[in-house]
Amino acid sequence: MPLAQPAAPARPRFSVLGPLTGEVDGRPLALGPLKQRLVLAVLLSRANTAVPVDLLTDAVWPEEPPRTARKNLQVYICTLRTLLGRGAGPDRLAHTAGGYLLRVAEPELDVLQFRALARAGRAAADGGALAPAARLLRQALDLWQGPPLADLRCSPAVEAEADRLEARCLGVHEDWAETELELGNATAVAEELAELAERHPLRERLQAARMNALHLSGRQAEALAVYDAHRQLLARELGLEPSPALTTRYRQLLARGPARPATSGPAQNAGPNSALLPAGTADFTGRSAELRQLIDELGESGERVAVLSGPAGIGKTALAVHAGHLLADRFPDGRLLIRLRTADGTPRPLADVLAELAVLTGRSGPGPADPAQAAALWRAALAGRRMLLILDDAPGEAVVRELLPGFGPSATLVTSRSQLAGLASVHRVTVPPFAPAEALDLLGRIVGTGRIGADRAAAARIAEACGLLPLAVRVAGTRLAVLRHLPLAEYAARLADPAGALDELVAGDVTVRARLDSGWRDLTDQGRLALGRLAALPLSLLFTLPEAAAALGRPERLALRALEALTDTGAVTSPTGEVTAHAALYALPRLTHLHAREHATTLADTLT
């Protein structure tokens, strides 16, 4: 008879969602002394990703590593190979160009199972399968056994990894709560979130879910008290007010309006309570001051037209869409967004835009051939309706004038690279670059707060090299999220190189250069020539009117006109306050400056 084959050795299973533990066949593993467990904790937290040696060294010796640190680390790795290698090949814990790589299968590590269940739950929710989504998200949460790596937080590097894991857990808790609320299980959500919301009082999405759960459970006073406590804490600790979204929800609760579950399918025509808007950006960041202005100005007593202006990539559309979702209760007859340019930046004919508006608002049959008559018919269709119209990326005032609703309760939010100075009686909001803290916040949301926390100085250099331009920060974050092996410091050095910075700001089919190209094409020939000549000035330095006049080769009077024209397009900024022309300081945003340098030589040969 053939001999029976020996059973394959059981492989260890590890847990980081709680104290660091390991077991084989139900028997606990001895994970060794503290420093060895610190190394294992970081490797498991970043399983299947190369961990730089410097990060492991910082985890074990956070202050001053000894001269023998590298050798001692190799000893810990060797011991862990023996511990981890049961039933696995020699590549289980391998040394690569990016550091040490621990290969772990999903059943062997609780955090991998957690991520898989969370992804599946979110996908089910996005597809409208709410009951399976809630079940999968609940299974993910049930894997947690307490604060992650609570026994090893003496190491700042491990604490950063633990904080990153805990932030993910909170996000899944919020997903679960919102899904259960849509299923009508408000009482269970209210009970579960009570302690969690108290432990994380600054987490606004968590507070919002708790408010909604209490309200839907008939506990109106408690729901209002949650908002009030959150508002006081923000004011006391951070000097901030709650977001417009939470404030709007609070006002709805004050009015005791019924909670309306979100619909799962898109509306086909703009009508009561419909929203023909793109989905809001999940990681929308900052812009609280601008949002407050829009909420106030487009409300009952404010202006009925607002213009968001700023250069390409500054985040105007994302801000407009976010505001549109927050203003749902103000515009019960619908909210819709119309793009006024094609994908390559070419302005769309007015007739095409009016035809699309006719379809979206439910008017059938061919419209008038004359655009003026079609525009008049569009305005008549809005009479008496309370709608919000977002006109995105307007190329100029003429097309906007034709599309404005006119008299009545509807409102219009226009985004444009220009300030559209020819439009009267509008509220203008200039969208600025990110503040440094906002840029770091967005980077952290995309690549993970733990990775940012491990080298915050490099992350700050990345944000600065992006010119604090939201699009560039997002592209940089997406690129880093894909290239997990790329150290932040190395990427920061690449972006700091003027010759290659724009080549680095590419993520799939999204490129910063393409947006800058579109803005460049919007300029007149004289505007492009002026910008190309200004690009010869030192990078990232402020300049005066006399310095601009010298670079342009023009008298100061004519140079000032050129600067003001470029300022209107966002190509030039003036960070100083209200001063005389000679005292003003000007700047070229970093990426605009680099882009203009690329075009300067060819342009000068063409136009001169």
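Is Ala 424 buried or exposed? Ala 424 counts as exposed, because its relative accessibility is 63%. Here, buried means under 20% relative accessible area, exposed means over 50%, and partly exposed lies in between, with a 1.4 Å probe and protein chains only. Here are some notes to read beside the structure.

1. **What you are looking at.** This is a predicted model, in which local features need pLDDT of at least 70 and side-chain atom pairs count only at pLDDT 80 or more, while totals for chains, interfaces and linings use all residues. Residues are numbered from 1 along each chain as its sequence is written, and side-chain values use heavy atoms, leaving out hydrogens and water.

2. **The overall picture.** The protein chain has 26 helices and 13 strands. Both are DSSP runs numbered from the N terminus: helices are H or I with at least four residues, and strands are E with at least two. Of the 608 residues in the protein chain, 46% are buried. Take the contacts in the chain with a separation of 6 or more: 66% of them are between residues 24 or more positions apart. Contact means heavy atoms within 4.5 Å.

3. **Back to Ala 424.** You will find Ala 424 in the loop between strand 10 (411-416) and strand 11 (427-430). Ala 424 and Val 305 are 119 residues apart in sequence, and their C-alpha atoms are 9.5 Å apart in space.

4. **A residue in strand 11.** Thr 430 has its place in strand 11. Its relative accessibility is 49%, so Thr 430 counts as partly exposed. Along the sequence, Thr 430 and Val 307 are 123 residues apart; in space, they are 8.2 Å apart, C-alpha to C-alpha.

5. **How to describe a helix pair.** Two packed helices are described by the angle between their axes and the distance between the axes. The axes are lines fitted to C-alpha atoms, for helices over the stretch in contact, and the angles run from 0 to 180 degrees between N-to-C directions. Angles under 35 degrees count as roughly parallel, over 145 as roughly antiparallel, 65 to 115 as roughly perpendicular, and the rest as oblique.

6. **Helices 6 and 7.** The axes of helix 6 (residues 156-182) and helix 7 (residues 186-199) come within 9 Å and cross at roughly 155 degrees. Helix 6 is therefore roughly antiparallel to helix 7. The crossing of helix 6 past helix 7 is left-handed. A crossing is left-handed if the near helix is turned anticlockwise from the far one by less than a right angle, and right-handed if clockwise. Residues of helix 6 that meet helix 7 include His 173 and Trp 176, and Val 189 and Leu 193 are among those on the helix 7 side. By class, this contact of helix 6 with helix 7 has nine nonpolar, one polar and two charged residues. Ala, Val, Leu, Ile, Met, Phe, Trp, Tyr, Cys and Pro count as nonpolar, Asp, Glu, Lys and Arg as charged, and the others, Gly among them, as polar.

7. **Helices 19 and 20.** Helix 19 (residues 470-482) and helix 20 (residues 488-496) have axes that come within 12 Å and cross at roughly 140 degrees. These two helices are therefore oblique to each other. Helix 19 passes helix 20 in a right-handed crossing. Ala 476, Arg 479 and Leu 480 of helix 19 make the contact with Leu 488, Tyr 491 and Arg 494 of helix 20. The residues of this contact divide into four nonpolar, no polar and two charged.

8. **Helices 23 and 24.** How do helix 23 and helix 24 lie to each other? They are roughly perpendicular, as the axes of helix 23 (residues 525-534) and helix 24 (residues 545-552) cross at roughly 110 degrees and come within 8 Å. Ala 530, Arg 533 and Leu 534 in helix 23 meet Ala 548, Ala 551 and Leu 552 in helix 24. This contact has five nonpolar, no polar and one charged residues.

9. **Two backbone angles to check.** Asn 48 is not a glycine, yet it has a positive phi of about 65 degrees. Asn 48 sits in the loop between helix 1 (34-45) and helix 2 (53-60), and is partly exposed at 39% relative accessibility. Asp 393 also has a positive phi, near 60 degrees. Asp 393 lies in the loop between strand 9 (388-392) and helix 15 (397-403), and is buried, with a relative accessible area of 18%.
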